[in-house]
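Please read the briefing below alongside the sequence and the three-dimensional view.

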Amino acid sequence: MTHGSNRQLLRTWLALIALTGASVAAVRYAGGTAGLALVLSFALFKARLVVLDFMGLREQAAMRRALVGWCVLLAVSAAAKAVLATALGG
């Protein structure tokens, strides 16, 4: 690893820690659906950082799209479930 890549990994690591802290704060202080939306958004950002930097898939477009796409699919499914639960009163 070069010095630049070590620095990039450190920035990514700090961003992941900050996003985790923001997720905890969102769960603690935001309302139900709003908190869920924030947490899912932060999770998508974190997944992208992990796929690009820690898994080293920045140059492999197909695998990168597949992994991030899978995370998007899960987040959309969770959001849809929350909206349905709210709409149906459960």
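**A residue to start from**

Ser23 counts as buried, because its relative accessibility is 11% (buried means under 20% relative accessible area, exposed over 50% and partly exposed in between, with a 1.4 Å probe and protein chains only). This is a predicted model, in which local features need pLDDT of at least 70 and side-chain atom pairs count only at pLDDT 80 or more, whereas totals for chains, interfaces and linings use all residues. Residues are numbered from 1 along each chain as its sequence is written, and side-chain values use heavy atoms, with hydrogens and water left out.

**Overall fold and shape**

- The protein has three helices and zero strands, where helices (H or I, at least four residues) and strands (E, at least two) are DSSP runs numbered from the N terminus.
- Read from the N terminus on, the elements follow the order α-α-α.
- The radius of gyration of the protein is 16 Å, while a compact globule of 90 residues would have a value near 12 Å (the radius is taken over C-alpha atoms, and the globule rule is 2.2 Å times the number of residues to the power 0.38).
- The C-alpha trace spans about 55 × 30 × 10 Å along its principal axes.
- Of the 90 residues in the protein, 18% are buried.
- The accessible surface comes to about 6,300 Å², and 70% of this belongs to carbon and sulfur atoms (areas come from the Shrake-Rupley method with a 1.4 Å probe, and for residues only the protein chains shown count as cover).

**Packing around Ser23 and Phe42**

- Ser23 lies in helix 1, and it touches Val39 and Phe42 when residues up to four places away in sequence are not counted (contact means heavy atoms within 4.5 Å).
- Phe42, with residues up to four places away in sequence again left out, touches Leu19, Ala22, Ser23 and Ala26.
- The largest nonpolar core consists of five residues, namely Leu16, Leu19, Ala26, Phe42 and Leu49 (such a core is a set of buried Ala, Val, Leu, Ile, Met, Phe, Trp, Tyr and Cys residues joined through side-chain atoms within 4.5 Å).
- Helix 1 and helix 2 are the elements that give two or more residues to this core, and helix 1 gives the most, with three residues.
- Among contacts in the protein with a separation of 6 or more, 54% are between residues 24 or more positions apart.

**Aromatic pair**

- The count comes to one aromatic pair, under a rule by which rings of Phe, Tyr and Trp (its six-membered ring) pair if their centres lie within 6.5 Å, planes under 30 degrees apart counting as stacked, over 60 as edge-to-face and the rest as tilted.
- The rings of Trp13 and Phe54 have centres 6.2 Å apart and planes at 80 degrees, so the pair is edge-to-face.
- This pair links distant parts of the chain, since Trp13 is in helix 1 (residues 3–29) and Phe54 is in helix 2 (residues 32–54), 41 residues apart.
- Trp13 is partly exposed at 48% relative accessibility, and Phe54 is partly exposed at 39%.

**Salt bridge**

- Side chains of opposite charge can pair when their charged atoms come close.
- The count comes to one salt bridge, defined as a side-chain nitrogen of Lys or Arg within 4 Å of a carboxyl oxygen of Asp or Glu.
- Asp53 forms a salt bridge with Arg58, and their closest N and O atoms are 2.5 Å apart.
- Asp53 is buried at 14% relative accessibility, whereas Arg58 is partly exposed at 42%.
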